[in-house]
Amino acid sequence: MMHRSEAERNPSTVDELLADTRFQEWVLRGNPAPDVYWTAWMERHPGGKAMIDAAREVLLSIRFAEHRPDPSRKAAARESYLAGLAAAMERERRARVVRMFRSAAAAAAVLLVVSAGWYAWRNLRAEEYATAYGEIRRLTLPDHTEVVLQANSRLRVAGKWRYDGDRKVQLDGEAWFKVPPIAQHGNPAPPFTVSAGHASITVLGTTFNVRHRRQALEVVLVDGKVRVDAGEKSRVLTPGEKVRFVKGQQVMSVTQADTAAVAARAKGQLVLHRTTAEEVLHYLEDNYGYTVRQVDSSLLKKELEGEFVQGKPEDILFLLSQLLDADITVDGKNLDLKKR
């Protein structure tokens, strides 16, 4: 430990006491060791107590003033803090509301798009009807048009129909149509159009049969009026007429039709009147899926008369064998005809 100066060890003035580090520690920090020292010092110097008291007063008077905040300023600061906290909470609440609104708006937009798409798809999608071999199906279209879809046929109806819009169907096979005359507010109904292959049939309130088989189109008009457009050919039919158009030949022929036989077909009956055996075999192929594998050619041109119920093909084959006086062998879906 270093020796202190003589004035420090034995101060004789207030200034010397103020400069003494041990005196400073005793007064300012309350160090017990200096207290014992200065107590002993005052015992050795009874007149020094007044000097020590003076020095203590001076030393204590030069301490830094303690900072004591103004109570009013403390209250103001507290209010300011609470106000800032409330403002921050309000901003967060508003931001949360905005986020919720945006999320709800986005969900609503998605729902709207999905709903609109579903509605459009539901209304615009085409309906398709098909029949298997030997099946006959009766349909009623949105405009109350009655349809008898013959076996092995397919009808496609375009989207949702409106009475003031086009009524279009596409046929592959054979179908009988009865189109009601519809007028809206005194105005004629829009045309009813059947597309079959490369031809179209435009009608307005009429009954007719369309058959599109083997690249050939046949339209028989029962009543009313239709216009048939095929390739570069066009023909307006009157009741009882049949038009035939073969793809590739570009020839449109018109003959008189057996409308009773056509109407019977819509009722499930096959009426033969001067119908060749070849035509009946084509009917069995087209409507029941048979394939004529072998046949005596002398049988094909034989004309037949009679009526068949369009039901079991076995019954038709039996009656056909009787009319042709021929043996018909069935091998799965293959037919062999041999003259007796």
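One term before we click: buried means under 20% relative accessible area, exposed over 50%, and partly exposed in between (1.4 Å probe, protein chains only). Helices (H or I, at least four residues) and strands (E, at least two) are DSSP runs, numbered from the N terminus. This is a predicted model, where local features need pLDDT of at least 70, side-chain atom pairs count only at pLDDT 80 or more, and totals for chains, interfaces and linings use all residues. Residues are numbered from 1 along each chain as its sequence is written, and side-chain values use heavy atoms, with hydrogens and water left out.

Start with residues 49-61, helix α5. Now pick out Met51, Ile52, Ala55 and Leu59, which are buried in α5. They sit on the same side of α5 because they cover an arc of only 95 degrees around the axis (the arc is that of the directions from the helix axis to the C-beta atoms).

Next, select Thr206, in the loop between β9 (199-203) and β10 (207-213). Thr206 counts as buried because its relative accessibility is 1%. Leaving aside neighbours within four places in sequence, its contacts (heavy atoms within 4.5 Å) include Phe177, Lys178, Leu221 and Asp223.

Last stop: Ala260, in helix α7 (residues 259-266). With 53% relative accessibility, Ala260 counts as exposed. Show Val222 as well: Ala260 and Val222 are 38 residues apart in sequence and 8.6 Å apart in space, C-alpha to C-alpha.

Definitions and conventions
Expected span 1.5 Å × (residues − 1).
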